[in-house]
Amino acid sequence: MINKDLKYYIENNIFKEYSKNEEAHGINHIKYVINRCMDLSKDKDIDINMVYTIAAYHDIGHHIDAKNHEVLSAKIMMEDKKLKEFFNEEELKIIKEAIEDHRASLKREPRSIYGKIVSSSDRETDIKETLKRAYLYTKKHYSDMTNKQVIENVYEHLKDKYGEKGYANFFLEDEKYEKYLKELRKLLNNKEEFIKYLEKIIEEIDR
């Protein structure tokens with residue numbers, strides 16, 4: 001069970017910081033990652049408070065610099081003196097490294113089981129949510145693009161990330177993710193259907 005004082009601190013002081021991020025990396029995403037972490041941590045010999053903290057801080061620096069947010073998020077966590085009430089120096093080092101290691105584009109394996117759990121939890125398991133987040137992110141960061149260009153960008157990005165030779169790694173066994181990945185790849189292999197599906201999502205967003 002998560003330490004109630006730690007949970008109270010994070011919910012009342014850290015969660016609100018996510019209002020500074022665009023929606024794709026906002027509080028709903030953080031809560032999703034936390035819940036997935038809890039699921040993927042079952043039956044593992046780990047400290048659940050560390051997992052919770054890594055998930056809670058992993059995108060906190062995204063609004064400052066999206067391309068280097070894992071480093072900034074780890075730095076922000078390390079500068080939070082309140083966490084010293086809950087963790088020792090070695091535990092904080094592991095938390096820091098796990099935050100740094102969470103990105104899908106990481107060229108190596110995370111340095112600890114904590115990094116593997118949070119990195120894996122940061123992958124979506126809902127195709128609609130995946131497309132929605134990718135669209136919102138692209139619209140926010142590439143505001144000069146036409147909608148047609150945004151859709152093309154989303155398709156190419158997700159194919160590069162989740163396609164048969166995609167760079168997104170998943171470090172744990174999980175049937176839910178394997179099923180999702182199979183279905184997403186099927187959609188990515190039919191660009192026309194992908195675009196139709198994304199256009200429906202965009203219509204819902206614009207309502």
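Here is a short chat about helix packing and aromatic rings in a predicted model.

Colleague: What kind of model is this?
Modeller: It is a predicted model.

Colleague: At what angle do helix 3 and helix 5 pack?
Modeller: About 40 degrees, and their axes are 9 Å apart. Helix 3 covers residues 48-57, and helix 5 covers residues 89-100.

Colleague: Is the crossing of helix 3 and helix 5 left-handed or right-handed?
Modeller: Right-handed.

Colleague: Which residues meet there?
Modeller: Helix 3 brings Met-50, Thr-53, Ile-54 and Tyr-57. Helix 5 brings Glu-91, Ile-94, Ile-95, Ala-98 and Ile-99. By class, the contact of helix 3 with helix 5 has 7 nonpolar residues, 1 polar and 1 charged.

Colleague: Next pair. How do helix 7 and helix 10 cross?
Modeller: At roughly 70 degrees, with axes that come within 10 Å. That makes helix 7 roughly perpendicular to helix 10.

Colleague: Which residues make that contact?
Modeller: From helix 7, they include Leu-131, Tyr-135 and Leu-136. From helix 10, they include Phe-194, Tyr-197 and Ile-201. The contact of helix 7 with helix 10 has 10 nonpolar residues, 3 charged and no polar ones.

Colleague: Switching to rings. How many aromatic pairs are there?
Modeller: The structure holds 4. One of them is Tyr-162 with Tyr-180, an edge-to-face pair. The ring centres are 6.1 Å apart, and the planes sit at 85 degrees.

Colleague: Where do Tyr-162 and Tyr-180 lie?
Modeller: Tyr-162 is in helix 8 and Tyr-180 is in helix 9. They are 18 residues apart, so the pair links distant parts of the chain.

Colleague: Are those two buried or exposed?
Modeller: Tyr-162 is buried, at 4% relative accessible area. Tyr-180 is buried as well, at 2%.

Colleague: What about Tyr-177 and Tyr-180?
Modeller: Their ring centres are 5.7 Å apart and the planes are at 40 degrees, so that pair is tilted. Both residues lie in helix 9, 3 residues apart, about one turn of the helix. Tyr-177 is buried too, like Tyr-180.

Colleague: Which residues form the aromatic cluster?
Modeller: Tyr-162, Phe-170, Tyr-177 and Tyr-180 form one cluster.

Methods
Residues numbered from 1 in each chain as written. Predicted model: local features only at pLDDT ≥ 70, side-chain atom pairs only at ≥ 80, totals over all residues. Heavy atoms only, no water. Axes fitted to C-alpha atoms, helices over the stretch in contact; angles between N-to-C directions. Helix = DSSP H or I, 4+ residues; strand = E, 2+ residues; numbered from the N terminus. Left-handed = near helix turned anticlockwise from the far one by under 90°. Contact = heavy atoms within 4.5 Å. Nonpolar A, V, L, I, M, F, W, Y, C, P; charged D, E, K, R; others polar. Phe/Tyr/Trp six-rings, centres within 6.5 Å; stacked < 30°, edge-to-face > 60°. Buried < 20%, exposed > 50% of the residue type's maximum accessible area, 1.4 Å probe, protein only. Parallel < 35°, antiparallel > 145°, perpendicular 65-115°, else oblique.
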